[in-house]
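Please keep the sequence and the structure in view while reading the points.

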Amino acid sequence: MAGSLSQKIFNNDFQAGVNLVVPRMLLPFGWGNAGRYGLPKTTFSTSLQIFNQDQTYSNRYLINTLNYSWWQNPNLQHSYTPSS
């Protein structure tokens, strides 16, 4: 097939993300037993996805997430995501 490579690409998809992990529970109230069985953590995540389909469809997503993770005992870990 004749033509340049850019003429043969019909879909473009770009994704990028970043996480910030804080080694404690960042809460507006007190938290008991912090670190008794493991280090609790708060994770802030942001990701961006850009998708383009040649002259037919285009979409952009920006996703922000907050997550808390802690250990209840040596064998039980909890993960809670109040917003995403």
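**Notes on the model**

1. Start with one residue. L48 has 33% relative accessibility, so L48 counts as partly exposed. The classes are these: buried is under 20% relative accessible area, exposed is over 50%, and partly exposed lies in between, with a 1.4 Å probe and protein chains only. L48 sits in strand β2, residues 41-53.

2. A word on the basis. This is a predicted model, in which local features need pLDDT of at least 70, side-chain atom pairs count only at pLDDT 80 or more, and totals for chains, interfaces and linings use all residues. Residues are numbered from 1 along each chain as its sequence is written, and side-chain values use heavy atoms, with hydrogens and water left out.

3. What is the overall pattern along the sequence? The protein chain reads α-β-β-β-β. That is one helix and four strands. Helices (H or I, at least four residues) and strands (E, at least two) are DSSP runs, numbered from the N terminus.

4. How much of the protein chain is buried? Of its 84 residues, 13% are buried. The chain exposes about 6700 Å², and carbon and sulfur atoms supply 54% of that area. Accessible areas come from the Shrake-Rupley method with a 1.4 Å probe; for residues, only the protein chains shown count as cover.

5. Next, the strand pairing. Two strands pair if DSSP finds at least two bridges between them. Strand β1 (residues 11-22) and β2 pair in the antiparallel sense, over twelve bridges. Within this pairing, N12 has N52 in β2 as its bridge partner.

6. β2 also pairs with strand β3, residues 57-73. The sense is antiparallel, over 13 bridges. T43 stands opposite N67 in β3. L48 has L62 in β3 as its bridge partner. β2 and β3 form a hairpin with three residues between them. In that turn, Q55 has a positive phi of about 55 degrees.

7. β3 goes on to strand β4, residues 76-83. These two run antiparallel and are joined by six bridges. W71 stands opposite Q77 in β4, and S69 has S79 in β4 as its bridge partner. Here the hairpin has two residues between the strands.

8. Return to L48 and L62. With F14, these residues make a nonpolar surface patch of about 290 Å². Patch residues have over 30% relative accessible area and no salt bridge; like charges are joined within 9 Å, and nonpolar side chains (Val, Leu, Ile, Met, Phe, Trp, Tyr) within 5 Å. A salt bridge is a side-chain nitrogen of Lys or Arg within 4 Å of a carboxyl oxygen of Asp or Glu.

9. Which residues does I50 touch, leaving aside neighbours within four places in sequence? They are N12, D13, F14, N59 and R60. Contact means heavy atoms within 4.5 Å. I50 lies in strand β2. Its relative accessible area is 23%, so I50 is partly exposed. I50 and D13 are 37 residues apart in sequence, yet 5.8 Å apart in space, C-alpha to C-alpha.

10. Consider sequence separation across the chain. Among contacts between residues at least 6 apart in sequence, 40% join residues at least 24 apart. A separate pair to look at is T65 and N19, which are 46 residues apart along the chain, with 9.3 Å between their C-alpha atoms. T65 lies in strand β3. With a relative accessible area of 23%, T65 is partly exposed.

11. Last, the aromatic rings. Rings of Phe, Tyr and Trp (its six-membered ring) pair if their centres lie within 6.5 Å; planes under 30 degrees apart count as stacked, over 60 as edge-to-face and the rest as tilted. By this rule the count is one aromatic pair. F51 and Y57 form this tilted pair, 6.0 Å centre to centre with 55 degrees between the planes. F51 is partly exposed, with a relative accessible area of 23%. Y57 is also partly exposed, at 41%.
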